[in-house]
Protein chains: 2
Amino acid sequence: MAPLTPAAGTTPRPCTIAHALDLLGERWALLVVRELFWGNHRFADIARHTGAPRDVLSARLRRLVDAGVIEKRRYSDRPPRDAYHLTQAGRDLAPVLAALTQWSRQHLPTDERRPNVAHHDHEIDPVVEVRCRTCGERVA
Amino acid sequence: MAPLTPAAGTTPRPCTIAHALDLLGERWALLVVRELFWGNHRFADIARHTGAPRDVLSARLRRLVDAGVIEKRRYSDRPPRDAYHLTQAGRDLAPVLAALTQWSRQHLPTDERRPNVAHHDHEIDPVVEVRCRTCGERVA
DNA sequence: GCTCCTGAGTTTGAAAAGCAAACCGACTAG
DNA sequence: CTAGTCGGTTTGCTTTTCAAACTCAGGAGC
């Protein structure tokens, strides 16, 4: 997504964020991940719940598999059918989704206030904290 | 970015994440925010450091201003020149960028390991924690 | 005044990505 | 033999992105 050949006259930062967005910033990519967190693993379910066109979804799934964020798992040999599951790298995207959720609730209007993940017997309203790894102190 | 009129046969989730990505998932949007965190506020600087085409950048800045994530500030009347600054909503995107940074470092190869923000006299290597607002417990 | 220069955009025309709907292959159920 | 399901691919069109050129408002040097 980020340009591999920088535009003339620009010197894009070599940046971890840009690198991540190159993969995850593509349209539908994070919604696919969200849907897998929700427990929907089949192509048709992901398409339906995200709203992504099937061809685009097909391309995204392929790219996410190649990047190691998700993996294909055969759940039926006859007929041959595959489902998609998060890898550890994919599960590690939870903080990104949580941060987006928190921000959206804080700053976007008329959102449904529905929490998105079950925790113990209640539901999670996530709080995302950023700390400094070196000193452990919370960062603003 | 997310479809306003759901595709036929799909029922996209009414979702805080999708809502946020509708704004922030557009190409270059989060890189603009990153650049403002880095302290570059002028059009030409943002264009150069992100690599975004000027017309797209112009459109993104306008949309982010409309959404209240950033604001225009006149820094010169003659000639008329405006710079862009984060609003509180924009600053509150820090956890999103931190989460992306952390994920990128964990899972993407050959990233520059450069920390991205100064903290006290050292630099931050951010740790993002997700907790349950209700019980305070850390969530996996 | 005249000629460059800077900064913040807009315009232009072509290339890439996204879209919806139709189609395909491999089956299963009736 | 027909209809339906699932996991995609193909098709034809629309929208977005892109790079380069251009505009507008002034500033600097001469």
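**Figure 1. Strand E5 of chain A pairs with strand E5 of chain B in this predicted model.** Val130(A) has Val128(B), a residue of E5(B), as its bridge partner. The two strands run antiparallel and are joined by seven bridges. In chain B, strand E5 covers residues 126-132, and E5 of chain A is likewise given as 126-132.

**Figure 2. Asp125(A) sits in the loop between E4 and E5 of chain A.** Is this residue buried, exposed or partly exposed? Asp125(A) counts as partly exposed because 18 C-beta neighbours lie inside 10 Å, while a buried residue needs 20 or more. Thr101(A) is 24 residues away from Asp125(A) in sequence, yet the two C-alpha atoms are 8.9 Å apart in space.

**Figure 3. The side of chain A that touches chain B draws on helices and strands.** The contact takes 61 residues from chain A and 61 residues from chain B. On the chain A side, at least two residues each come from H1, H2 (29-37), H3 (43-50), H6 (94-107), E4 (122-124) and E5 (126-132). Which element gives the most? H6(A) does, with 14 residues. By residue type, this side of chain A divides into 33 nonpolar, 16 polar and 12 charged.

**Figure 4. Helix H1 of chain A meets helix H2 of chain B.** Two packed helices are described by the angle between their axes and the distance between the axes. Here the axes of H1(A), residues 16-24, and H2(B), residues 29-37, come within 10 Å and cross at roughly 170 degrees. Angles over 145 degrees count as roughly antiparallel, so H1(A) is roughly antiparallel to H2(B). H1(A) makes the contact through Ile17(A), Ala18(A) and Leu21(A), and H2(B) through Leu30(B), Leu31(B) and Arg34(B). Of these contact residues, five are nonpolar, none is polar and one is charged.

**Figure 5. Helix H2 of chain B is mostly covered.** How many of its nine residues are buried? Eight of them are: Ala29(B), Leu30(B), Leu31(B), Val32(B), Val33(B), Arg34(B), Glu35(B) and Leu36(B). Just after this helix, Gly39(B) has a positive phi of about 95 degrees.

**Figure 6. Leu97(B) is one of the residues with the most contacts inside the largest nonpolar core.** In soluble globular proteins, nonpolar side chains tend to be buried together. The largest core in this model has 64 residues. Those with the most contacts inside this core come from both chains: Val32(A), Val96(A), Leu97(A) and Leu100(A), together with Val32(B), Val96(B) and Leu97(B). Once neighbours within four places in sequence are left aside, Leu97(B) is in contact with Ile17(A) of the other chain and with Leu30(B), Val33(B), Arg34(B) and Phe37(B).

**Figure 7. Strands E1 and E2 of chain B form a hairpin.** E1(B) spans residues 70-76 and E2(B) spans residues 81-86. The strands pair in the antiparallel sense over six bridges, with four residues between them. Arg73(B) stands opposite Ala83(B), a residue of E2(B).

**Figure 8. Chain A contains six helices and five strands.** From the N terminus on, the order of elements is α-α-α-α-β-β-α-α-β-β-β. Chain A has 140 residues, and buried residues make up 36% of them. Among contacts in chain A with a separation of 6 or more, 37% are between residues 24 or more positions apart.

Terms used:
Residues numbered from 1 in each chain as written. Chains lettered and ligands numbered in written order. Predicted model: local features only at pLDDT ≥ 70, side-chain atom pairs only at ≥ 80, totals over all residues. Axes fitted to C-alpha atoms, helices over the stretch in contact; angles between N-to-C directions. Parallel < 35°, antiparallel > 145°, perpendicular 65-115°, else oblique. Contact = placed C-beta atoms within 7 Å. Nonpolar A, V, L, I, M, F, W, Y, C, P; charged D, E, K, R; others polar. Buried ≥ 20, exposed ≤ 12 C-beta atoms within 10 Å, placed from the backbone. Pairing = 2+ DSSP bridges. Core = buried A, V, L, I, M, F, W, Y, C linked by C-beta atoms within 7 Å.
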